[in-house]
Amino acid sequence: DLKRSMVHKLEFRYDTYTQKRHAICVRLNADFVSNSIVVKSRYFDSQETINIGYDYVVNPGSTLYSYSNANGAFNASGMASWSTRFNKLKTSINVYLGTDYKKAPMYIGEQSVMLSEVCPYVYIVPSITPAKWFRLNFNSRSRLVHSTNNLKERIAFAFHQNLKVNL
């Protein structure tokens with residue numbers, strides 16, 4: 001009895017470059033999924049007979065997986081970046097600020113639950129090129145992850161930090 005799932009997308013992008021070697025970019029993306037197909041699971045503590053077109057005996061300790069439609073899946077992301085070059089110093093820098101937001105339905109037993117996740121981030125990428133054959137890049141990525149459900153339970157809260165140097 002599944003209905004067709006459909007994705008509706010919206011994208012916005014703005015890029016500008018100045019004569020002073022600055023670049024500014026803004027990107028916004030959003031998509032909404034109607035009739036999301038979600039996995040449903042049911043655990044059996046005892047032997048039970050279910051009708052799936054015919055009578056089927058389910059043993060205790062078994063899990064039945066099925067699929068169902070649910071509404072409310074939504075993803076959005078926004079990012080702004082700024083980059084510039086300093087010719088006298090032979091360096092450049094890129095800075096990215098953004099966030100991702102996800103909202104997705106799922107089933108816990110027979111109960112429909114909505115999961116939400118917010119992930120703000122900042123990326124900083126300076127680069128030094130003192131000679132044509134030599135470049136040094138630094139890459140710093142910081143990301144915060146916060147997940148909850150509509151039952152007001154915190155699922156995850158984490159901070160990720162990556163540092164990378166390329167020569």
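Is Glu48 buried, exposed or partly exposed? Glu48 is partly exposed, at a relative accessible area of 29%. Here buried means under 20% relative accessible area, exposed means over 50%, and partly exposed lies in between (1.4 Å probe, protein chains only). The model is predicted; local features need pLDDT of at least 70, side-chain atom pairs count only at pLDDT 80 or more, and totals for chains, interfaces and linings use all residues. Residues are numbered from 1 along each chain as its sequence is written, and side-chain values use heavy atoms, with hydrogens and water left out.

Side chains of opposite charge can pair when their charged atoms come close. A salt bridge is defined as a side-chain nitrogen of Lys or Arg within 4 Å of a carboxyl oxygen of Asp or Glu. Four salt bridges are present in the structure. One of them joins Glu48 to Arg42, with 2.5 Å between the closest N and O atoms. Arg42 is partly exposed, with 32% relative accessibility.

Another salt bridge pairs Arg143 with Asp100. Their closest N and O atoms are 2.7 Å apart. Arg143 belongs to strand β10 (residues 134–149) and Asp100 to strand β8 (residues 91–108), so this pair ties together parts that lie 43 residues apart in sequence. Strands (E, at least two residues) and helices (H or I, at least four) are DSSP runs, numbered from the N terminus. Arg143 is partly exposed at 22% relative accessibility. Asp100, in contrast, is buried at 18% relative accessible area.

Salt bridges with shared partners also join Arg13, Asp15 and Arg27 into one network. Asp15 is partly exposed, with a relative accessible area of 29%. Arg27 is also partly exposed, with a value of 23%.

A further residue, Ser68, was examined for its surroundings. Ser68 is part of strand β6 (residues 63–70). Its relative accessibility is 15%, so Ser68 counts as buried. Contact is taken as heavy atoms within 4.5 Å. Leaving aside residues up to four places away in sequence, Ser68 touches Leu2, Ser36, Ile37, Val38, Lys40 and Tyr107.
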